[in-house]
Amino acid sequence: MSWKDSAAYKAYSALGERPRGLEPWGVNNAGEVVIGLGELFCRCNIADEGEEVELCRKSRFSHTGNLRSYVKTAHKMQVAEVRKGTSSGSKGIEAKKFYKAIIKKHDALGADYNPNSEIEQTPGPVTPSKPPKKIHRPLVPRKKDRTVNKSQMRKTASIGK
Ligand SMILES: [Zn+2]
């Protein structure tokens with residue numbers, strides 16, 4: 001199944017306003033905005049430097065191509081070119097995951113979420129939760145007093161001999 005046929009992309013492309021909790025675009029090494037496959041909403045950060053992120057309020061575009069040319073002309077930003085054939089394979093899987101995450105966040109934030117409320121400049125009621133950091137166990141075996149357990153290391157090293 002193509003990423004375009006996924007439930008998440010269908011939900012995304014049916015939205016009238018940009019999904020809640022959308023993150024601003026990333027920029028590649030060449031300083032170009034990287035617009036993903038099938039994106040329809042502008043994700044330009046229009047806040048002044050040093051201020052809290054505020055996304056462009058432009059409503060949904062009918063086609064990614066329109067969004068791309070709009071970003072170039074309206075925001076005067078360089079847009080990374082899409083290579084041919086990128087709509088299949090790993091890029092397609094990436095796109096599927098991308099829209100799934102967007103819709104999940106959009107649903108989780110709820111209808112009363114308004115990050116750019118003009119009345120109050122307070123953050124929305126729901127803070128998107130970040131995935132828990134992975135805890136890396138130390139590779140060196142240690143005793144309870146945190147000193148290196150040399151006999152344990154020797155044992156590990158001799159495994160397979
Ligand atoms: Zn915009």
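Leaving aside neighbours within four places in sequence, with which residues is Ile 35 in contact? Two residues are taken to be in contact if their C-beta atoms, placed from the backbone, lie within 7 Å, and on that criterion the partners of Ile 35 are Trp 25, Thr 64, Leu 67, Arg 68, Val 71 and Val 79.

## Basis of the model

This is a predicted model, in which local features need a pLDDT of at least 70 and side-chain atom pairs count only at pLDDT 80 or more, whereas totals for chains, interfaces and linings use all residues. Residues are numbered from 1 along each chain as its sequence is written.

The pLDDT, which is the predictor's confidence in each residue on a scale from 0 to 100, averages 82 over the protein chain, and 70% of the residues score at least 70. Over residues 118–122 the pLDDT is below 50, and beyond near neighbours in sequence this stretch has 0 contacts in the model.

## Overall organisation

The protein chain has 4 helices and 0 strands, and from the N terminus on its elements run α-α-α-α. Helices (H or I, at least four residues) and strands (E, at least two) are DSSP runs, numbered from the N terminus.

Of the 161 residues in the protein chain, 12% are buried; a residue is called buried if 20 or more other C-beta atoms, placed from the backbone, lie within 10 Å of its own, exposed if 12 or fewer do, and partly exposed in between. Among contacts between residues at least 6 apart in sequence, 55% join residues at least 24 apart.

A nonpolar core is here a set of buried Ala, Val, Leu, Ile, Met, Phe, Trp, Tyr and Cys residues joined through C-beta atoms within 7 Å. The largest such core has 7 residues in all, namely Trp 25, Val 33, Ile 35, Phe 41, Cys 42, Leu 67 and Val 71. A second, separate core of 6 residues includes Trp 3, Tyr 9, Ala 95 and Ile 102.

Leu 67, a member of the largest core, is found in helix α2 and counts as buried because 21 other C-beta atoms lie within 10 Å. Apart from neighbours within four places in sequence, Leu 67 is in contact with Ile 35, Glu 39, Leu 40, Cys 42 and Phe 61; its C-alpha atom is also 9.7 Å from that of Gly 38, a residue 29 places away in sequence. The C-alpha atoms of Asn 66 and Leu 40, which are 26 residues apart along the chain, are separated by 8.4 Å.

## The loop between α2 and α3

Two residues of the loop between α2 and α3 may be considered together. Lys 76, found in this loop, has a positive phi of about 55° although it is not a glycine. Most residues other than glycine have a negative phi. With 7 C-beta neighbours inside 10 Å, Lys 76 counts as exposed.

Ala 80, in the loop that joins α2 (64–74) to α3 (89–109), is partly exposed, with 17 other C-beta atoms within 10 Å. Not counting residues up to four places away in sequence, Ala 80 touches Asn 28, Glu 32, Val 33 and Val 34, and its C-alpha atom is separated by 8.6 Å from that of Val 27, 53 residues apart along the chain.

## Helix α3

The buried residues of α3 are Ala 95, Lys 96, Tyr 99, Ile 102 and His 106. Seen down the helix axis, these buried residues fall within an arc of 130°, so they line one face of α3; the arc is that of the directions from the axis to the C-beta atoms. The buried residues pack against α1 (7–13), while the face turned away from the buried side carries the exposed residues Gly 89, Ser 90 and Ile 93.

Asp 107 also lies in α3 and counts as partly exposed, with 13 C-beta neighbours inside 10 Å. Asp 107 and Pro 19 are 88 residues apart in sequence, yet 8.8 Å apart in space, C-alpha to C-alpha. Just after α3, Gly 110 takes a positive phi of about 80°.
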